[in-house]
Structures are given as structure tokens and as C-alpha cells.
Amino acid sequence: MTMRTRTLGTTGPQVSALGLGCMGMSALYGEADRAESVATIHAALEAGVTLLDTGDFYGMGHNEMLIGEALRTASAARREQALVSVKFGALRDPDGGWSGYDGRPAAVKNFAAYSLQRLGVDHIDVYRIARLDPDVPIEETVGAIAELVEKGYVRHIGLSEVGAETIRRAAATAPISDLQIEYSLISRGIEDEILPTTRELGIGITAYGVLSRGLISGHFTADRQLGAGDFRAMSPRFQGDNLRHNLNLVEALRKIAEQKGVSVAQIAIAWALSRGEDIVPLVGARRRDRLTEALGALDVTLDAGDLAAIEEAVPPGAAAGDRYPAAQMAHLES
């Protein structure tokens, strides 16, 4: 496996072709082992992964402290290569509930101060609000991040889960490195307006959910029991007939993967990699074995015939169910 590099837009840093999304190590997908999580981050860095993605609200700061521990205990060379992307703005309560988003300039700077402390770093490489605050113009939020850039606390400005108009307004305020948004074989909504807009403006895409929270990993089964704190227990795509339909799509994809001698996860990630040099898929591996499988996608080459077969097996719009429950879909512009 040879780790390739890509650039986050025309203004962002050069990063590894795959990034590591660390959310599942702290929240929303069942229990995770702290030692194994740190070992997985170390293994990713050793393999040449440079981009580590987190949010200050993942486990109410737990994820940032976990990454901070992993960076402190990594070799100096690996620690130096790591680039940390942080989402902020999501408001939580002690019961784990969600209370909206805060993009006010004073809040932006407050969130950043706490993230720098938890991560144990002197700057954040990419900083972005997790969702648009409907009560605060995006120009004000991005302007506050730009002030942090001027002071050296942030290197690059990102966006997350916003539509084409917001992207244009943000880019007119300050240079935007990339947009983080869900993109996978069964979540292709960005292809209509958002992706053309980012490409016009020279903004990269950090694609999360490339395995759709494990749904198209090839490892998820219809009889799997999910804990009450697992996001998938309330995700529409994991419910009843929706789940059965979506797993049938996975089986169609499995036939193609088997013909190529690769896993379902590897072909799904390879598909995401094939969508353009401006797209950096995030893999949400919580264990070293899953990380190794994901990294194997870098060695998978998909020719025109493979891509046509994949499109036939999982055409655009084929998934059953929305990607979030209705209450959360209301916060998405895409």
C-alpha cells in the first residue's frame, strides 16, 4: 500500500488520500476501547494517514482529548505530520441531548480556546462549524474563524453540511479550504449542485460516511442488535424494510467485490476515491483491523467496466430512508 496525497482545495493543506474520522471512538456507535482507539490512530499515522477529523462535541470533548493523548504518545515525526480538522458549534446537554448550533463570533473563539486545550496543540489545521446556525449569517461565523487564522490559532477554514448558496457566501468572505459533507455510493446528493459549486470555487471535499456508518461495509447484518446510544438505532436507513432493501444493495455490491478479490468496504471506498482528486474520504475505523481493510482500498483500481457495474448495482437514489432522522435533516442545507 502506497499512501497518495491530495490537496484540500486551492487554499488548503496537502493531506493523505484517506483521512481518519475519529467520532466513533467516543460516541454514537456503541462502546469503543480507549487503548485500541489510540493504537488505531497511531497505526493510521504510521501508515501515512495525516488527516484526523473530530468535533468538539464528540463525547463532549472526549474525542479531542483522545486525539490529544494519541498525538502526545506518537513519535515526534508522526505527531508533526498530523493535521487535525475540528468541527464546532453543536450544543449539547448533560443527558447527551442536542440543543442547536451556535455560530456567533464570540462563541467561535470560545469553542476554539477549549479545543486547543483539549487537543494539546497550538493551532487547529482546519476549523469549521458543524452545521449552519440559522440565526447567524455565515459571513459572521467565517469572519470569526478568519480572525483566528490571522492570529495563528487556525490554519485553514472549512465548512460542513451547507448548500451551494452558503458556500458561495462563505467563500466571498474568506478563503475556504474544503467542505465536509456526507458522500458515498448511497448518499450522492452533492453531485447535483454542491459538487459543481465547490469545483468552480476551488474548494475540496472531505467526504464522511463513505461506508454509510457501516451499512455498506459488508459487515453489517440484519440481525445485529444496536444499543440505545447507537445512532443507527434511530437512523431511517437502518430500520425495518429500509434496512432489508439497503442490505440487498450491499449484496449486489459484494458480487462485484468478490470478482475483483477485494472486500465490500474496499470497493466502496475505492469508488469514493475514484470520484475526483478533490475528494478526500474519511474512514471511521475504530480498530486496527478495520483500518487495515480500509487502507487496502488504496490498492484497488476501478476501470470503466467496474464503475459501470457498480453504478448498475447501486444506482443514484437507490437507498431506502433518509440519512438522518427528520429532526436532524431539518438542520441540513444539502
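The model is predicted: local features need pLDDT of at least 70, side-chain atom pairs count only at pLDDT 80 or more, and totals for chains, interfaces and linings use all residues. Residues are numbered from 1 along each chain as its sequence is written, and side-chain values use heavy atoms, leaving out hydrogens and water. The chain holds twelve helices and twelve strands. Helices (H or I, at least four residues) and strands (E, at least two) are DSSP runs, numbered from the N terminus.

**Overall build**

- The radius of gyration of the chain is 19 Å, close to the 20 Å that the globule rule gives for 334 residues, so the chain is as compact as a globular protein of that length. The radius is taken over C-alpha atoms, and the rule is 2.2 Å times the number of residues to the power 0.38.
- The C-alpha trace spans about 55 × 40 × 40 Å along its principal axes.
- Of the 334 residues, 57% count as buried. Buried means under 20% relative accessible area, exposed over 50%, and partly exposed in between (1.4 Å probe, protein chains only).
- Among contacts between residues at least 6 apart in sequence, 75% join residues at least 24 apart. A contact means heavy atoms within 4.5 Å.
- The accessible surface comes to about 13800 Å², and 50% of it belongs to carbon and sulfur atoms. Accessible areas come from the Shrake-Rupley method with a 1.4 Å probe; for residues, only the protein chains shown count as cover.

**Strand E9 and its neighbours**

- Strand E9 (residues 154-160) is mostly covered, with six of its seven residues buried.
- E9 runs parallel to strand E8 (residues 124-129), and three bridges join the two. Strands pair if DSSP finds at least two bridges between them.
- Val126 has His156 in E9 as its bridge partner.
- Strand E10 (residues 178-182) also runs parallel to E9, again joined by three bridges. Here Ser160 stands opposite Gln180.
- From E9 the chain crosses through helix H6 (residues 164-173) to E10 in a right-handed β-α-β crossover. E8, helix H5 (residues 138-150) and E9 also make a right-handed β-α-β unit. Right-handed means that, with the strands pointing away from the viewer, the path from the first strand over the helix to the second runs clockwise.

**Arg232**

- Arg232 lies in the loop between strand E11 (204-208) and helix H8 (240-260).
- Arg232 is buried, with a relative accessible area of 5%.
- The Arg232 side chain reaches the backbone oxygen of Arg213 at 3.0 Å.

Methods. A polar contact is a pair of N or O atoms within 3.5 Å; within protein, one must be able to donate a hydrogen and the other to accept it, and residues adjacent in sequence count only if both atoms are side-chain atoms.
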